[in-house]
Amino acid sequence: MSQLYDIIIIGTGPGGGTLAYKLAPSGKKILLLERGDYLLREKDNWSSKTVFIDNKYKAKETWQDKNGNPFHPGIHYNVGGNSKVYGAALLRMREQDFGEVKHHGGISPEWPIRYDDLEQYYTQAEHLYHVHGNRGEDPTEPRTSAPYKYPALSHEPRIQELHEDWQKCGHKPFHLPVGVMLNEQQKEKSACIRCSTCDGFPCLVNAKADSQVVCVDPALQHPNVTLLTNALVSKLETNASGREVTGVVVERNGLMETYKADIVVVSCGAINSAALLLRSSNDKHPNGLANSSDMVGRHYMCHNNSAMLAISKRPNPTVFQKTIGLNDFYHASADWNFPMGHISMIGKQDMEMLRLGAPPFAPGLALDVVAKHSLDFWMTSEDLPDPNNRVLIGKDGNVTLAYTENNLEAHKRLAVMLKSMLNHLGCEEHLLPTHLYLGKKIPIAGTAHQCGTIRFGRDTKTSVLDVNCKAHDLDNLYVVDASFFVSSSAVNPSLTIIANALRVGEHLLDRLG
Ligand SMILES: Cc1cc2nc3c(=O)[nH]c(=O)nc-3n(C[C@H](O)[C@H](O)[C@H](O)COP(=O)(O)OP(=O)(O)OC[C@H]3O[C@@H](n4cnc5c(N)ncnc54)[C@H](O)[C@@H]3O)c2cc1C
Ligand code: SF4
């Protein structure tokens, strides 16, 4: 079977879904290929046990680490990709993140574009993904050309108290930018009901600004856009010169099909996009498609992330907790000449979620007491691009993720800062640090913030993509998921993926005429 399209987009997460949305009004014939199905709306969407213990919505895959140890990656194959379960904290990278930054663990390299090149697309991305926020509170916030379209999500009383306590201590907490369709001014019109099962859960009422709801579904309203689900792309074929992708090989319903397009865009997520290129080797591309630089799959980053529960003396009855952020330690400071990272909250932890991390969490403490009293923090520090941290394809065709943590001193110091800030606020002296994030006990399995494996740049020897995210080695192959990142910064990746997809979309519209 062979069909001709103007553009094929592989993957419907924030990268691919947003690009489809941008290109849909052009009238060009667009095919979206998604290996997963629609994530079913059902009561289980909001069950902690189903989501975190039974892992109902997680991919049933086993990958290997660098020592050959198997692990189950925390990824999700469905329309909307990982954004169906994300926490929707949608932050811009800081202006300095686009330049070279000196870290304790090494250098975070500069990007081939500046913050100003992305600014207008960040604004569009915030509007498209319903980001609620308040400009001017976050001292590290970069220059912006427009206010947030939606007002900041209000803090519930316990978080408001934390906000004010931190302010009294001279800190600068801010309302975290979050993409949900909450209307607090006219509650009767609000799609979002502000529930406790958001971060890590699918939204049963489709009120989370994920890429299916805000991009893929609207794109499909255009008759020129087609989506095939359960369509696993297993290989990309090229013409004899190797300069053009001529076939997209798909496994669907037990059959092999080949689709053709003038332009092919890969957006399978940073690990799977690299895996697809590596699996698509041929005579002209013996080390994998677009891989003359030997950079495909390298420089894998995923952040140094930790959850930290602060067990407060007083109960924490907060329902929607993810409303506060703190970037006071984002850049180098007077006390330490290197960046530490970003602090925010995670969704309120309940007993089921805590059960997964029970041994390190709760020596001698009943889980329900911990759950009722904890303030649940999330810390993100930058991990640095190391060529040896890479995606490899094993002999069995499966993914091996070779990853060695780096820049850890920054992360340790961030934890110390957070603890000291909380010790002054009536929390118990001991906090309970853990690498548990949404039910994942094994750190390498926490692939949520994966990026960097097909990076863009101006030098064909050190990058795979050019500044427009087109492969240096091919004329019609693009990549628009988190693979293109040059560094990981210390903010959540999605808004940058979305903004870049809008930017690349504009380039493609020009190219297609
Ligand atoms: C629990 C959780 C919480 C998170 N919270 C936040 C947050 O608060 N803020 C934030 O910014 N980010 C957050 N993230 C990260 C965010 O979800 C990702 O950065 C984002 O989804 C990445 O977008 P992407 O387009 O690069 O890839 P993905 O979202 O991974 O999309 C890739 C798509 O490609 C499909 N695909 C893969 N391989 C193939 C193939 N061979 N053929 C066809 N289709 C294929 C997949 O099924 C998927 O739909 C979170 C992630 C998780 C898991
Ligand atoms: S808080 Fe709102 S967006 Fe999030 S899951 Fe609940 S209803 Fe959906």
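His303 sits in the loop that joins α6 (270–279) to β15 (304–311); helices (H or I, at least four residues) and strands (E, at least two) are DSSP runs numbered from the N terminus. The model is a predicted one, in which local features need pLDDT of at least 70, side-chain atom pairs count only at pLDDT 80 or more, and totals for chains, interfaces and linings use all residues. Residues are numbered from 1 along each chain as its sequence is written, chains are lettered from A and ligands numbered from 1 in the order in which they are written, and side-chain values use heavy atoms, with hydrogens and water left out.

Although His303 is not a glycine, its phi is positive, at about 75 degrees. His303 counts as buried because its relative accessibility is 6% (buried means under 20% relative accessible area, with a 1.4 Å probe and protein chains only).

Helix α3 itself (residues 115–128) has 14 residues and reaches 19 Å from its first C-alpha to its last, close to the expected 20 Å (1.5 Å times one less than the number of residues). The buried residues of α3 include Tyr115, Leu118 and Glu119.

Definitions and conventions. Buried < 20%, exposed > 50% of the residue type's maximum accessible area, 1.4 Å probe, protein only.
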